[in-house]
Amino acid sequence: MANSKFEYVKAFEKEVYLLPETYMVVRVDGRGFHKLSETYKFEKPNDLNALELMNKAAQSVMEKIPEALLAYGDSDEYSFLLQKNCEIFERREAKLTSTFSSTFTAYYNFYWKDYFPNSPLTPERLPTFDARVVLYPNQQNVKDYFSWRQVDCHINNLYNTTFWQLILKKGLTPQESEKRLMGTLSSDKNEILFTELGINYNDEAEIYKKGTVLIREWELKDDQPSLNERELSKRQKDRLRKKFRKAKIQKYHIDIINEGFWNERPWLLES
């Protein structure tokens, strides 16, 4: 940047550097997706094309940002777990959030036509996403975070499934359906679905009940350095990063609350 008398304004810029030695989770959320889903007539209670578009955008982000080890998503949100000791963007908060939100938005819009070929986007209602980054000091916090998001997925899906089936199959208005479900427990909703609507919630697709997990599967070898090894030289880190970038990203609809999920993939939470 050339020097000039106006350069003093750069002093007003402030960077927030995130704490080292902490796990970073970046959560991307759709902005105004309730109205967007109405505009483009998403199917209720779940639109599989909309969910798969979210999955495609999230996987594309992971391919672009190899520091992302795992991503979990449902509805209009996705959470990305980064390597504990990664130094992406020098751990600058604004750079992280803006990159994840803009990259996710770009891919979501780019692939829209593949999932909604008969519903072209209009300038009046373009999909956009915001992002936040949250720091967690230990492994249990990270596990609890992703457990929280999957439990939230289950609770919301059970409610939405019952809510919309009462409308679609019983002819209730949205207000009547909301009143019918007010104060009900999960067991009550399951009972309504089964006895009144002929739906066994256990038979619903796993993607709706559990959300989607994207994992950069990594084959551990005894002579392989840790992904978070601080003593590696820059050349070794670059070589490992290139190799890790090529690791295949797998998609699952599985339980991530169970401890076995994490035990089978120790590299996700390496210290």
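Predicted model: local features only at pLDDT ≥ 70, side-chain atom pairs only at ≥ 80, totals over all residues.
The axis of a helix is a line fitted to its C-alpha atoms over the stretch in contact, and the angle between two axes, taken between their N-to-C directions, runs from 0 to 180 degrees.

In the pair formed by α2 (48-64) and helix α3 (residues 93-115), the axes lie 8 Å apart and the packing angle is about 135 degrees. Angles over 145 degrees count as roughly antiparallel, so α2 is oblique to α3. The crossing of these two helices is right-handed. On the α2 side, the residues that meet α3 are Asn49, Glu52, Leu53, Met54, Lys56, Ala57, Ala58, Ser60, Val61 and Lys64. Their partners in α3 are Phe100, Thr103, Phe104, Tyr107, Tyr108, Tyr111, Trp112 and Tyr115. Sorted by class, this contact holds twelve nonpolar, three polar and three charged residues.

A second pair consists of helix α4 (residues 139-170) and helix α6 (residues 186-197), whose axes come within 10 Å and cross at roughly 30 degrees. Angles under 35 degrees count as roughly parallel, and α4 and α6 are therefore roughly parallel to each other. Their crossing is left-handed. From α4, the contact takes in Leu158, Tyr159, Thr161, Thr162, Gln165, Leu166, Lys169 and Lys170. From α6 come Ser186, Lys189, Asn190, Ile192, Leu193, Glu196 and Leu197. By class, six residues of this contact are nonpolar, five are polar and four are charged.

Helix α4 also takes part in the largest pocket, giving the most to its lining, with nine residues. The volume of this pocket is about 790 Å³. Its lining has 35 residues, and those closest to the centre are Lys44, Pro45, Ser75, Asp76 and Asn160. At least two lining residues each are supplied by α1 (33-39), α2, β2 (68-74), β3 (77-82), α4 and α7 (206-210). The lining divides into 15 nonpolar, eleven polar and nine charged residues.

Two of the residues closest to the pocket centre, Lys44 and Pro45, are joined by a cis peptide bond, with omega about 5 degrees. Pro45 sits in the loop between α1 and α2.

Phi of Glu21 is near 60 degrees, a positive value in a residue other than glycine.

Methods. Residues numbered from 1 in each chain as written. Heavy atoms only, no water. Helix = DSSP H or I, 4+ residues; strand = E, 2+ residues; numbered from the N terminus. Parallel < 35°, antiparallel > 145°, perpendicular 65-115°, else oblique. Left-handed = near helix turned anticlockwise from the far one by under 90°. Contact = heavy atoms within 4.5 Å. Nonpolar A, V, L, I, M, F, W, Y, C, P; charged D, E, K, R; others polar. 1 Å grid on protein atoms, 1.4 Å probe; cavity = no way out; pocket = protein on both sides within 12 Å on 5 of 7 lines; lining within 4 Å. Points joined across faces, edges and corners; volume = space filled by probe spheres on them.
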